[in-house]
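Reader: I would like to learn how to read strands, helices and side-chain pairs in a model. Please give the general idea each time, then the case at hand.

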Amino acid sequence: MSDRIYLDNNATTQPHDEVVQAMLPLLSQAYANPSSVHQFGQAIRHRVECARQQVANLLGAAPREIIFTSGGTESINLAIRGTLALRPTKRHVVTSAVEHSATKRLCERLAREGYRIDEIGADQDGRLNLDQFADCICDETALVSLIWANNETGVLADVDPVAALTTERGVPLHLDAVQAIGKVPIDVTQLPVQLLSLSGHKFHGPKGAGALYVRRGTRLRPGIIGGRQERDLRGGTENTPGIVGLGVAAELALARLAEGSKSVGELRDRLERGICRVVPETVVIGGSSPRLDNTANIAFPGLQAEAILMLLSENNICASAGSACSSGSLEPSHVLQAMGIDPRIAHGAVRFSLSEMSCQKRHTKV
Ligand code: PLP
C-alpha cells in the first residue's frame with residue numbers, strides 16, 4: 001500500500017511518529033491510573049498534566065481551561081448541552097446552516113425538545129451572513145455555536161466580529177475548531193470565545209482523544225459522563241495514551257504553525273489547477289473565500305461523486321464526497337445545499353484534503 005495517495009485528511013490524519021512513540025509506553029508499562037495516590041499513579045498524572053499544558057499552549061489558554069474528552073463530537077455536546085443546562089430560562093440557540101453533523105444533529109434534537117434554533121445562512125462561496133447574527137441574537141439566546149473551518153469546503157468563518165458581537169450581547173460563544181486546529185493560529189487571549197472544541201485525530205494525533213477549552217469563569221454543567229475527573233465535568237478514568245498523544249500532536253502543531261510553511265497551500269493550488277486544466281468544467285467550491293489551505297472541494301458537474309470516488313479508490317487515491325459521515329447517502333451534503341449550490345454541481349463534488357504529510361511523499365505529484 002506504499003503508493004497510496006491519501007487526500008482525505010479532513011476525515012482523519014496519520015498520527016505523527018512522535019505521537020505514536022509517546023503513546024506506546026502508556027499502552028504497556030506506564031499503565032497506572034492517574035488518580036491513584038501512589039508514585040506510579042502520580043507519574044502518570046504528571047504526563048496527563050504535561051499534555052494539558054501542551055494543548056493549552058496551542059490555544060494560548062491556561063491548563064485549567066482544558067477538559068479532556070473523547071473527541072470533537074463529545075466536546076461539542078458537552079459545550080452546548082452543558083451551557084443550556086445552566087440557562088434553563090433561555091431556550092434559543094444560534095448556529096449556522098453549514099455546521100458539522102455533530103452540531104447539526106444535536107440542534108435537531110434540541111429543536112424536538114422545544115428549543116428555538118436559528119441557523120445563519122451562507123452564500124454560494126460558503127461565507128456566513130454576519131448581519132443575520134446580529135438580528136438573531138436576543139434576550140432568549142442561551143448560546144451561539146459556530147463552526148470555524150468548514151470540514152467540507154475549508155471555508156473559514158470570520159470569527160472575530162462574531163466574538164465581538166456575542167461579547168457585546170453577553171451571550172456565550174462556542175466554536176467548533178475541530179478543522180481549524182493546527183491549520184490556523186488560535187489565541188484565546190485575543191479572541192473572546194468561551195468554549196472551543198478540538199479533536200486529536202484531525203491534526204496528526206490519536207482518535208478518541210480531544211478537548212474542550214472552557215474559558216475561566218464560564219459556567220458549564222457536567223455532561224452525561226458524570227464522575228470526579230476533569231474538574232467534575234467529564235468523568236471516567238482518563239484515556240492516558242490518547243491524552244499524551246494529543247499533547248504531543250498539539251506541541252508539534254504549534255511548532256509547525258510558528259514555522260509558517262506555505263507548502264500545503266501550494267500543493268493544494270497545484271492540484272486544483274491541474275484538475276481544472278484537464279477537466280475544464282470543474283468548479284472549485286468555496287475557492288474565492290478565505291479557506292483552509294489543505295482543502296479543495298472540486299465539483300464535476302453532471303457526474304456522481306460516488307462514481308468518481310470509486311474510480312479514484314481503484315487507483316489507490318483516497319478522497320471523500322462531502323463529509324465522511326454523510327458518505328453512503330446519495331443526497332448532496334447539507335452544507336452544499338445550504339450554500340445554494342446547483343444539485344447538478346453538488347452531486348459531483350469531491351473533497352480532496354491534504355496535510356503536511358502529502359508534501360513529504362514524492363508520489364503526490366500531480
Ligand atoms: N466538527 C468538525 C468540523 C469535524 O470535521 C468533525 C469530524 O469530522 C467533528 C466535529 C467531529 O469530531 P470527532 O470525529 O472527533 O468526533
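Reader: Which strand is joined to β10, and by how many bridges?

Author: Helices (H or I, at least four residues) and strands (E, at least two) are DSSP runs, numbered from the N terminus. Two strands pair if DSSP finds at least two bridges between them. Here β10, residues 295–299, is joined to β12 by five bridges, and the two run antiparallel. One place to look is Asn297, which stands opposite Arg351 in β12.

Reader: What should I know about the source of the model and its numbering?

Author: This is a predicted model, in which local features need pLDDT of at least 70, side-chain atom pairs count only at pLDDT 80 or more, and totals for chains, interfaces and linings use all residues. Residues are numbered from 1 along each chain as its sequence is written, and side-chain values use heavy atoms, with hydrogens and water left out.

Reader: What sheet do β10 and β12 belong to?

Author: They belong to an open sheet of three strands, in the order β9-β10-β12, with antiparallel pairing. At the edges are β9 (283–285) and β12 (349–353), each of which pairs on one side only. On average, neighbouring strands of this sheet are turned by 30 degrees against each other, direction ignored. For such angles, axes are lines fitted to C-alpha atoms, for helices over the stretch in contact, and the angles run from 0 to 180 degrees between N-to-C directions. Contact means heavy atoms within 4.5 Å. Helix α8 (residues 263–278) lies across β9, β10 and β12, and runs at about 10 degrees to β10.

Reader: What is the strand order of the seven-stranded sheet?

Author: The order in this open sheet is β2-β8-β7-β6-β5-β3-β4, and the pairing is mixed. β2 and β4 are the edge strands; each has a single partner strand, so one side of each has no neighbour in the sheet. Neighbouring strands here are turned by 20 degrees against each other on average, again ignoring direction.

Reader: Where do the side chains of a strand point?

Author: In a regular strand the side chains alternate between the two faces of the sheet. In β2 (residues 66–69), Ile66 and Phe68 point one way and Ile67 and Thr69 the other, and all are buried. Buried means under 20% relative accessible area, exposed over 50%, and partly exposed in between (1.4 Å probe, protein chains only). Strand β3 (residues 92–96) is mostly covered, with five of its five residues buried. His92, Val94 and Ser96 point one way from β3, while Val93 and Thr95 point the other way. β3 runs parallel to β4 (residues 116–120), joined by five bridges, and Val94 has Asp118 as its bridge partner in β4.

Reader: At what angle do α3 and α4 pack, and how far apart are their axes?

Author: Two packed helices are described by the angle between their axes and the distance between the axes. Helix α3 (residues 72–85) and helix α4 (residues 101–112) pack at an angle of about 30 degrees, with axes 9 Å apart. Residues of α3 including Ile76, Ile80 and Leu84 meet residues of α4, among them Leu106 and Leu110. α4 also lies across β3, β4, β5 (141–147) and β6 (173–176), at about 145 degrees to β4. Helix α6 (residues 159–169) lies across β5 and β6, running at about 160 degrees to β6.

Reader: How many aromatic pairs does the structure hold?

Author: Rings of Phe, Tyr and Trp (its six-membered ring) pair if their centres lie within 6.5 Å; planes under 30 degrees apart count as stacked, over 60 as edge-to-face and the rest as tilted. The structure holds one such pair. Tyr31 and Phe40 form it, edge-to-face, at 5.1 Å centre to centre and with 85 degrees between the planes. Tyr31 counts as exposed, at 60% relative accessibility, whereas Phe40 is partly exposed, at 35% relative accessible area.

Reader: Is Met357 buried or exposed?

Author: Met357, in helix α12 (residues 356–360), counts as buried because its relative accessibility is 11%. Leaving aside neighbours within four places in sequence, Met357 is in contact with Gln14, Pro15, His16 and His204. Met357 and Gln14 are 343 residues apart in sequence, yet 8.2 Å apart in space, C-alpha to C-alpha.
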